[in-house]
Amino acid sequence: QVQLVESGGGLVQAGGSLRLSCVASGSSFKSWTAGWFRQAPGKERESVALFRWDSPNLNYGTTNYADSVRGRFTISRDGAKNTVYLQMNSLKPEDTGVYYCAAGRSLTPLTTMRDYEFSSWGQGTQVTVSS
């Protein structure tokens, strides 16, 4: 199992930026698929960005982004710190929600991987984008 703690949420004006961090303990992120999800009030949780190492011998991997954030958000990792980040630029009010870091061991292609395939979740961090 892996324990996840995310941070970095806050209040930002439209067009601004935030960087979320997710620190893993108990297991290396390289053994897991990492993901960022978000949930707006009254809405279902949705996938934002996913990352999977292509090989344990490589320091890069495959990513997948929701259409709504592609080109604005970037998922990245720091293996030495066992941390995954979500850089969010050009934020819009519709990006508002609780953001969750998640990890899972499924090998489902990232383009089709669902939230129920993630077994470990952080506590969530609130992101609010004002107009």
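Among contacts in the protein between residues at least 6 apart in sequence, 60% join residues at least 24 apart, where contact means heavy atoms within 4.5 Å. This is a predicted model in which local features need pLDDT of at least 70 and side-chain atom pairs count only at pLDDT 80 or more, while totals for chains, interfaces and linings use all residues. Residues are numbered from 1 along each chain as its sequence is written, and side-chain values use heavy atoms, with hydrogens and water left out.

**Overall build**

The protein has 11 strands and zero helices. Helices (H or I, at least four residues) and strands (E, at least two) are DSSP runs, numbered from the N terminus. In sequence order the pattern reads β-β-β-β-β-β-β-β-β-β-β.

The radius of gyration, taken over C-alpha atoms, is compared with a globule rule of 2.2 Å times the number of residues to the power 0.38. For 131 residues a compact globule would have a value near 14 Å, and the protein agrees, with 14 Å. Along the principal axes, the C-alpha atoms fill a box of roughly 45 × 25 × 25 Å.

Of the 131 residues, 45% are buried. Buried means under 20% relative accessible area, exposed over 50%, and partly exposed in between (1.4 Å probe, protein chains only). The accessible surface of the protein is about 6600 Å², and carbon and sulfur atoms account for 48% of that surface. These areas come from the Shrake-Rupley method with a 1.4 Å probe; for residues, only the protein chains shown count as cover.

The protein carries 13 positive and 10 negative charges, whose mean positions are 4 Å apart. Lys and Arg count as positive and Asp and Glu as negative, while His and the chain ends are not counted. The place of a charge is taken as NZ of Lys, CZ of Arg, CG of Asp or CD of Glu.

**The disulfide**

A search of the whole structure finds one disulfide, defined as a pair of cysteine sulfur atoms within 2.5 Å. The disulfide joins Cys22 to Cys101, with an S to S distance of 2.0 Å. Cys22 lies in strand 3 (residues 18-25) and Cys101 in strand 9 (residues 97-104), so the link ties together parts that are 79 residues apart in sequence. The link of Cys22 and Cys101 is left-handed, with -80° about the S-S bond. Cys22 is buried at 0% relative accessibility, and Cys101 is likewise buried at 0%.

**Other residues of strand 3**

Strand 3 also holds Ser21 and Ala24. Ser21 is buried, with a relative accessible area of 16%. Apart from neighbours within four places in sequence, Ser21 is in contact with Val5, Glu6, Ser7, Trp36, Thr83, Val84 and Tyr85.

Ala24 is buried at 8% relative accessibility. Not counting residues up to four places away in sequence, Ala24 touches Val2, Gln3, Leu4, Phe29 and Asn82. Glu44 is 20 residues from Ala24 in sequence, and their C-alpha atoms are 25 Å apart in space.

**Positive phi**

Most residues other than glycine have a negative phi. Asn82, which is not a glycine, has a positive phi of about 50°. Asn82 sits in the loop between strand 7 (73-78) and strand 8 (83-88). Ser90 also has a positive phi, near 50°, and is found in the loop between strand 8 and strand 9.

| Residue | Relative accessibility | Class |
|---|---|---|
| Asn82 | 15% | buried |
| Ser90 | 40% | partly exposed |
| Thr112 | 46% | partly exposed |
| Gln1 | 74% | exposed |

Gln1 belongs to the segment before strand 1 (3-7). With neighbours within four places in sequence left aside, Gln1 is in contact with Ser25, Gly26, Ser27 and Trp32. The C-alpha atoms of Gln1 and Trp32 are separated by 9.9 Å, and the two residues are 31 apart along the chain.

Thr112 is in the loop between strand 9 and strand 10 (120-121). Asn64 is 48 residues from Thr112 along the chain, with 9.6 Å between their C-alpha atoms.
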